[in-house]
Amino acid sequence: MAAAALAAVALLCVYVGLYGSVAGSWIAHAVELAASAFAWCAGRRRPAPTRRAVTFLALGLFAYFLADVSWWVQREMGSGLEVAPSDVLYLCSYAALALGVWRLAGSRTCSRDERLANWIDSAAVLGAGLTLAWALSLASSSSGADLPAGTRLVWSLYPALDALLVLVGVRLLTQGALGRWYAVCFTVGAGLWLLGDLGYLLGADASVMSLPLDTGWMLGAVLMALLSLSPVSPMAEVDATRAAVPRGLGRLALPLGSLVVPAGMEAVNDVSGAEDTPGLLLVTTVALTALVFARAALLVRGEAAARAGLVSQQRYSAALAAHSSDAVVVLSRDGRLLSDPAGLPALFQLDGTQDLEAGDLVRALGLSADEAHVMFRRALQAAGEVVDAELTCVRGGVSFWIGVRLADLTDNPDVGGIVVHVTDITDRKRAEEALAHQAFHDDLTGLANRALFADRVDQALRRGARGQGQPAVVFIDLDGFKGVNDTLGHPAGDSLLRQVAARLRSVVRADDTVARLGGDEFAVLVEQSGSGPDEAVATAERVLAALAAPVVLDGQSVTVSGSVGIAVGDADATSDTLLGDADIAMYAAKVAGRGRSVVFDSAMRDSAVAARELEQELQGALAADEFRLVYQPVVDLADGAVTGFEALLRWDSRALGAVSPDRFVPVAEASGLIEDIGAWVLREACAAAADWRAEHGRDVTMAVNVSAVQLTSPHLVEHITEALALSGLPASALVLEVTETALVADPDRASECLAALRALGLRLALDDFGTGYSSLAHLRQFTVDVLKIDRSFVATIGEDGVLPPIVRGMIDLGRTLGLEIVAEGVETEVQRRLLVDGRCDLAQGYLFARPLEPADASLLLLASTARTGA
């Protein structure tokens, strides 16, 4: 830019030095041609919306160059024409320049009032310019009255058209559509042309051209060409420059300034003694005054609309504030309320009193005065930085939360105090609490979940490490929950879990934590004062007692029990190890017979590992065909004939080898696998009995043991029906053996199940009679067909030849009740003979045969048939 400016100054100096010569004229013409070429090239690089407008600008400058050359040629040839072809080119250049600049100042993005204001401003400037040009043209022609009227008219058009270019330049400035400096350059260039033409008209000799006039015309062309460099598109970016447009009273400067022209002309005429033109001055003054009045009316209307908009915005803001959960107040440093209290929302619940202080707001919010004072001091010390916090308030006994933001803007002249922004965040805080509750509580029961329970256990262990007592975990697993789900459906199971949760809450202390760990597993964290298990054991007893009461589900009474494991924390315990130990103890309780509690000791860990390994192997044993049945014959003591068999389950594990029933059956019961295994046993045993009856023509019976889990299962009747149907075995040939323990686990459910089984035509046997609970009471409550004397009683029959009284009593009791008597574990001839003498019907034991494989059992049955003929 500096180099270009220096080059321009140097060229101007050369031009001044050569002025009046042919070279000077060619320099002027070259500058004008360069200006038009410059505008043309700049227009080619502009975006489409303004390219055509700049093209018109370039054409106007080129026409002006041609007109200047034509006028120079005319002068050199000595032509005496007052109006020549060059004047046509001059007038065309004005038209092209005005059209191009008018398009650049396009107003499609302006409002209607603004467009009208622009037209008024332009009309005022144009009117003043035309008046001035007309007056001056009359003055210039006063000494040459012999000039033709056409010549005088053409000469008068030049300043008028210059004024038109100044008008469009002013329009560029007032609309702010283009860069301001480029618009100023064009307006100044048009002004130089106007001064040059006015000077030409006022010159004493019209044929003599002075250096200032020619230089002004040349510089005017250059300045107008610079408009082609304007960087802003008026159609796309007018809004971005809108702030630069003169507003308010400043916009009146143009029309008001035009009023000076008539008065100034009158003053000049008075001083110079020139001829007055009162008609022209009067018309001009009236027209310009009307334009100024219209312009002022638009300005007043705009200001009124702005004030109305401001009032509307104030009402809008007040309406929003009145129904907002936010409040903004301004306080002085000594706590006085500086802002208008009428605008405070209902958050403060104030009565509109004017003389309020910060303490009134604190009391209205139910906020702690100490907390409010701390926040206020922090804001003063923050030196304008924002201080925020979330505070709990209590009003009318109800707690809620507010978010507070304070900023000390005392030094800000528009504020002059401490701005306090208060927001009601109660809904958000409650939502956060709800989410936190969902994250750490069970959705179904509302109890703590595993994550929260583990955290509470860790905290209790840390307190225990400081000598505040050792916590204990009571682990509870519901017995029979799967049967409820299968029988009554999952909604009933969910209801059962909710009722169990309520019972657990009712039997623990306030400091203890109850959790649902998942499924039907619950846990209680017992905050013990000592290091022993006494408090936890007492809690477990209360839990078992609470679970023992029947639960009503869908109108049906259901009884569930719980297997409870207890583990006490020590110095090395963690939440995971303590829960794991309690789980091991619970598993031991379940294997031991359910409905009981077991306290963990370290020896259980190895047993639990073995049990878990056994359970893992047991999972796939049935599918791997690892189970088999052996058959213990039942013999008639009167003649030694085989009357039936008892099916006994055996497991030959590929990984563990032969596993005794005493080991795997409790594990199968505890894991729930016993149902599928029991269904398989029923099918195999019934099929074997049906084959033997068909092969040997004997009405042999088949006895199958049923566990407590099977007895409470809703699928037992279905499994038996399926086994009988598949095998074709008559129901009367199937004997189901149940233990006293299985009956007392859930007496009501057992009674219902036994009644359903008897309805099928089956026979029921009470196994291990005398070893369990109140046997006589059970014989009275449960209807059975067979009474089996446990081998522990049969073993008391010695070589003294006397039948023990307890055995004789059992036989007599069974006969009195009309039951079939079977003695188990008969191993000697003396035992057989004394049982015969005591009128015992049937017996099992090694004296007759060990448990047999199916083929051996069939051979034994064949031999018995041949020996007895039956």
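Modeller: Val709 touches Arg594, Glu669 and Ile674, leaving aside residues up to four places away in sequence, where a contact means heavy atoms within 4.5 Å. This is a predicted model, in which local features need pLDDT of at least 70 and side-chain atom pairs count only at pLDDT 80 or more, while totals for chains, interfaces and linings use all residues. Residues are numbered from 1 along each chain as its sequence is written, and side-chain values use heavy atoms, with hydrogens and water left out.

Val709 belongs to helix α24, which covers residues 708-711; helices (H or I, at least four residues) and strands (E, at least two) are DSSP runs numbered from the N terminus. With a relative accessible area of 13%, Val709 is buried, a term for under 20% relative accessible area, whereas exposed stands for over 50% and partly exposed for what lies in between, using a 1.4 Å probe and protein chains only. Val709 and Glu675 are 34 residues apart in sequence, yet their C-alpha atoms are 7.5 Å apart in space.

The buried residues of α25 are Leu716, His719, Ile720, Ala723, Leu724 and Ser727. These cover an arc of only 130° around the axis, which puts them on the same side of α25, the arc being that of the directions from the helix axis to the C-beta atoms. Ala725 and Leu726, on the other side of α25, are exposed.

Turning to the rings, the count comes to 9 aromatic pairs, where rings of Phe, Tyr and Trp (its six-membered ring) pair if their centres lie within 6.5 Å, with planes under 30 degrees apart called stacked, over 60 edge-to-face and the rest tilted. One of these is the tilted pair of Phe627 and Trp651, at 6.0 Å centre to centre and 40° between the planes. This pair links distant parts of the chain, since Phe627 is in strand β12 (residues 627-636) and Trp651 in strand β13 (residues 642-653), 24 residues apart. Phe627 counts as buried at 5% relative accessibility, and Trp651 is likewise buried, with a relative accessible area of 1%. Trp651 also pairs with Phe664: their ring centres are 5.6 Å apart and their planes at 80°, so this pair is edge-to-face. Here too distant parts of the chain are linked, from Trp651 in strand β13 to Phe664 in helix α22 (residues 661-671), 13 residues apart. Phe664 is buried, as is Trp651, and ring pairs join Phe627, Trp651, Phe664 and Trp680 into a cluster.

Side chains of opposite charge can pair when their charged atoms come close. A search of the whole structure finds 26 salt bridges, each being a side-chain nitrogen of Lys or Arg within 4 Å of a carboxyl oxygen of Asp or Glu. Among them, Glu527 and Arg463 meet with 2.7 Å from N to O. Glu527 lies in the loop between β7 (521-526) and α19 (534-548) and Arg463 in helix α16 (residues 450-465), so the pair ties together parts that are 64 residues apart in sequence. Both ends are partly exposed, Glu527 at 23% relative accessibility and Arg463 at 26%.

Asp477 forms a salt bridge with Lys590, again with 2.7 Å between the closest N and O atoms. This pair links distant parts of the chain, Asp477 in strand β5 (residues 472-479) and Lys590 in helix α20 (residues 575-591), 113 residues apart, and both Asp477 and Lys590 are buried. Between Arg509 and Asp512 the closest N and O atoms are 3.1 Å apart in a salt bridge; Arg509 counts as partly exposed at 34% relative accessibility, while Asp512 is buried at 8%. Elsewhere, Glu390, Arg428, Lys429 and Glu432 are linked in a network of salt bridges.

Finally, for the whole picture, the protein has 32 helices and 20 strands, and 45% of its 870 residues count as buried. Of its contacts with a separation of 6 or more, 67% are between residues 24 or more positions apart.
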